[in-house]
Amino acid sequence: MNGLARGESHGTPLIELVLLRHGHTQWNKERRYLGSSDLPLLSEEREKLAACKALPELTGEFWRIYCSDLLRCRETLEAVAPSLAARAVYDSRLRETSFGEWEGCTYEQLCDNPLYRDWIDDPEAVTPPGGEAWTAFAARLEQFLATLLKEAEESETSETSGVHRPEPQRGSRQQDSKAAGLQGHEQQKLRVLIVTHGGVIRHWLTEIQPGLTFRTAAAPPPGTAAVIQLQHMPTRA
């Protein structure tokens with residue numbers, strides 16, 4: 001699990017992004033590039049994912065639930081948190097990048113391709129043939145975060161935001177007064193579950209954590225989650 005934060009902004013509540021990576025597909029098992037291709041999970045993977053309900057990152061209340069609209073993510077959400085699936089917003093902006101002509105290929109099949117070698121060295125500068133450019137991939141993820149932050153700001157003043165503020169335990173009048181004061185100064189935190197892909201999670205980790213690159217960022221293993229604390233739009237270091 002990764003807990004990352006960047007900066008403070010008193011106008012926006014703290015957002016905790018719980019980034020759940022989808023489970024294994026056949027291409028994941030075979031170590032093939034899987035981006036926009038819409039493959040289902042392995043049949044045995046659903047039972048494994050059901051055991052993830054006990055992950056500490058997935059307990060508690062969520063303000064919003066988002067999920068990539070690709071099948072492997074939808075099936076992951078239904079296996080891990082079926083009670084949340086009906087509340088989820090299925091958003092194409094959360095898709096993995098498209099690898100174009102390299103979809104379904106393995107490293108061994110591509111390693112002698114000079115363009116592929118260039119892409120491995122600098123994926124921001126090189127685009128797979130017929131694939132999605134890095135700028136387009138990054139732009140849609142930035143747009144998603146911007147929308148989320150705007151909704152969080154609006155919820156700060158909305159009486160129907162649905163954020164639950166626990167009541168302090170009843171004790172003496174002095175204890176109640178102290179508890180109310182602490183609660184009043186406690187920063188609001190909105191928890192958001194996002195079921196998405198390894199490349200999406202790696203990109204957001206590089207945007208949030210200074211010094212981290214897409215090559216050095218490690219997405220959580222399939223079926224597990226990373227956690228990011230977010231309060232404003234990240235900027236590259």
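Predicted model: local features only at pLDDT ≥ 70, side-chain atom pairs only at ≥ 80, totals over all residues.
User: How many aromatic pairs does the count come to?

Analyst: A pair of aromatic rings is described by the distance of the centres and the angle of the planes. Rings of Phe, Tyr and Trp pair if their centres lie within 6.5 Å. By this rule, the count of aromatic pairs comes to twelve.

User: Is the aromatic pair of Phe99 and Trp119 stacked or edge-to-face?

Analyst: The ring centres of Phe99 and Trp119 are 5.8 Å apart, and their planes stand at 85°. Planes over 60 degrees apart count as edge-to-face. The pair formed by Phe99 and Trp119 is therefore edge-to-face.

User: How many residues apart in sequence are the parts that Phe99 and Trp119 tie together?

Analyst: Phe99 lies in the loop between strand E4 (89-91) and helix H5 (107-110), whereas Trp119 lies in helix H6 (residues 114-121). The pair therefore ties together parts whose separation in sequence is 20 residues.

User: Over which ring does the charged end of Arg64 sit?

Analyst: The charged end of Arg64 is 4.0 Å from the centre of the ring in question. That ring belongs to Trp63.

User: Is Thr196 buried or exposed?

Analyst: Thr196 lies in strand E5 (residues 189-196). Its relative accessibility is 0%, and buried means under 20%. Thr196 therefore counts as buried.

User: Which residue has its backbone oxygen 2.8 Å from a polar atom of the side chain of Thr196?

Analyst: Thr196 touches several residues beyond four places away in sequence, including His22, Cys73 and Leu94. The backbone oxygen that lies 2.8 Å from the polar side-chain atom of Thr196 belongs to Leu94.

Key: Residues numbered from 1 in each chain as written. Heavy atoms only, no water. Phe/Tyr/Trp six-rings, centres within 6.5 Å; stacked < 30°, edge-to-face > 60°. Helix = DSSP H or I, 4+ residues; strand = E, 2+ residues; numbered from the N terminus. Lys NZ or Arg CZ within 6 Å of the ring centre and 35° of its normal. Buried < 20%, exposed > 50% of the residue type's maximum accessible area, 1.4 Å probe, protein only. Polar contact = N/O pair within 3.5 Å; in protein donor to acceptor, adjacent residues only side chain to side chain. Contact = heavy atoms within 4.5 Å.
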